[in-house]
Amino acid sequence: MGTNLHRSKTAPAIAVLNDIIHPTIPKPQFGSPSIVRQAFVLVLLYLSLGVIIYWFNRSNFVGHETHPIVDVLYFCIVTICTIGYGDITPNSVTTKLFSILFVLVGFGFIDILLSGMISYVLDLQENYLLRTVQHGGQKKDSTRSYIIDVKKGRMRIRMKVGLALGVVVLCIGIGVGAMHFVESLGWLDSFYLSVMSVTTVGYGDRVFKTLPGRLFATIWLFVSTLAVARAFLYLAEARVGKRHRKMTKWVLDHDLTISEFLPADIDNNGFVSKLEFVIYKLKELGKVSEKDIMQICETFDRLDVGNCGKITLADLVESHH
């Protein structure tokens, strides 16, 4: 005989009162505008530090010069993006030590912050496309299912890869045009320098030598190198995702064997309950680990004040006092 469970009429009032006394802790949001602002400020501060140190030691750097301030920014950007054209190089102990520290810290710190900024921009782009496709009408269900993972409510990885590669192609195209018209390079050399730059190869046989060219490079190199890194990350994610889907299908279609019975019987009572079977499958899928399960059980035991194997509203009220 089934049992009908009804919510108490006083439950909403208790819930509101509990939220007032014990406010809900908001989940951390990654890639939010505030994080992007913080990253932008930190990048500016870091570049400003590099500019100041370079400015007071610019006599200890050798290379083709255009304008002191532009050359400073250009050197810092080329260094922090790990391109290393070699057209401006340090030639003293102090400047070499500065360059070592600047590139090490920049490679491990600034790149992470800037990657967060690029991720935020790509997420905005993804959300815009999601809204556009979702409101495109029922006639485009096949298109929507190809672009959007309906169950997860997000864009499929293949579309992310396409977007990222599109940004890379755009960056390379902009670089080719700028190098041809600003640096007066041929189309092949412009394409060559553009690709060698965005992939951070930077052979150094073709570099930015003009003032407008270096001004363009300070912004273009920042965006393009990170866009390429993000594109390769999405490609790797797509490959790993495909392998993970195959593994997931095998685990979900795989029946419980005799050798797996004992590990699945968590409480060692001689049978595997539905809950134990779900937990075992989640462990096989790598969704949770034994340590995660132990921590969840410890949290449950802490909230189960009456030690009855259930969490009641009275238990919650008592645990919060």
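## Burial classes and a partly exposed pair

Buried means under 20% relative accessible area, exposed means over 50%, and partly exposed covers what lies in between. Glu290 has a relative accessible area of 43%, so this residue is partly exposed. Please keep in mind that the model is predicted.

What does Glu290 pair with? Its partner is Lys283, and the salt bridge between them has its closest N and O atoms 2.6 Å apart. Lys283 counts as partly exposed as well, because its relative accessibility is 28%.

## Arg214 and its two aspartates

Let's turn to another part of the model. How many salt bridges does the structure hold? The count is 6, and one of them joins the side chains of Asp71 and Arg214, with an N to O distance of 2.7 Å. This pair links distant parts of the chain: Asp71 belongs to helix α3 (residues 68–80) and Arg214 to helix α8 (residues 211–253), 143 residues apart.

Arg214 also forms a salt bridge with Asp87, where the closest N and O atoms are 3.4 Å apart. Here, too, distant parts of the chain are linked, since Arg214 sits in helix α8 while Asp87 lies in the loop between α3 and β2 (88–90), 127 residues away.

Are these residues buried or exposed? Arg214 counts as buried, because its relative accessibility is 0%. Asp71 is buried at 4% relative accessibility, and Asp87 is buried with a relative accessible area of 13%. The cut-off for that class is 20%, so the value of 13% for Asp87 falls under it.

For comparison, back to the pair from the opening: Glu290 and Lys283 meet in a salt bridge of their own. Salt bridges that share partners, on the other hand, join Asp71, Asp87 and Arg214 into one network.

## Ser197 in helix α7

Here is one more residue to look up in the viewer. Ser197 is found in helix α7, which spans residues 187–198. With a relative accessibility of 0%, Ser197 counts as buried.

What does the side chain of Ser197 reach? The answer is the backbone oxygen of Leu193, at 2.7 Å. Setting aside neighbours within four places in sequence, Ser197 is in contact with Ile83, Tyr85, Trp220, Leu221 and Thr225.

Technical notes: Residues numbered from 1 in each chain as written. Predicted model: local features only at pLDDT ≥ 70, side-chain atom pairs only at ≥ 80, totals over all residues. Heavy atoms only, no water. Salt bridge = Lys/Arg side-chain N within 4 Å of Asp/Glu carboxyl O. Helix = DSSP H or I, 4+ residues; strand = E, 2+ residues; numbered from the N terminus. Buried < 20%, exposed > 50% of the residue type's maximum accessible area, 1.4 Å probe, protein only. Polar contact = N/O pair within 3.5 Å; in protein donor to acceptor, adjacent residues only side chain to side chain. Contact = heavy atoms within 4.5 Å.
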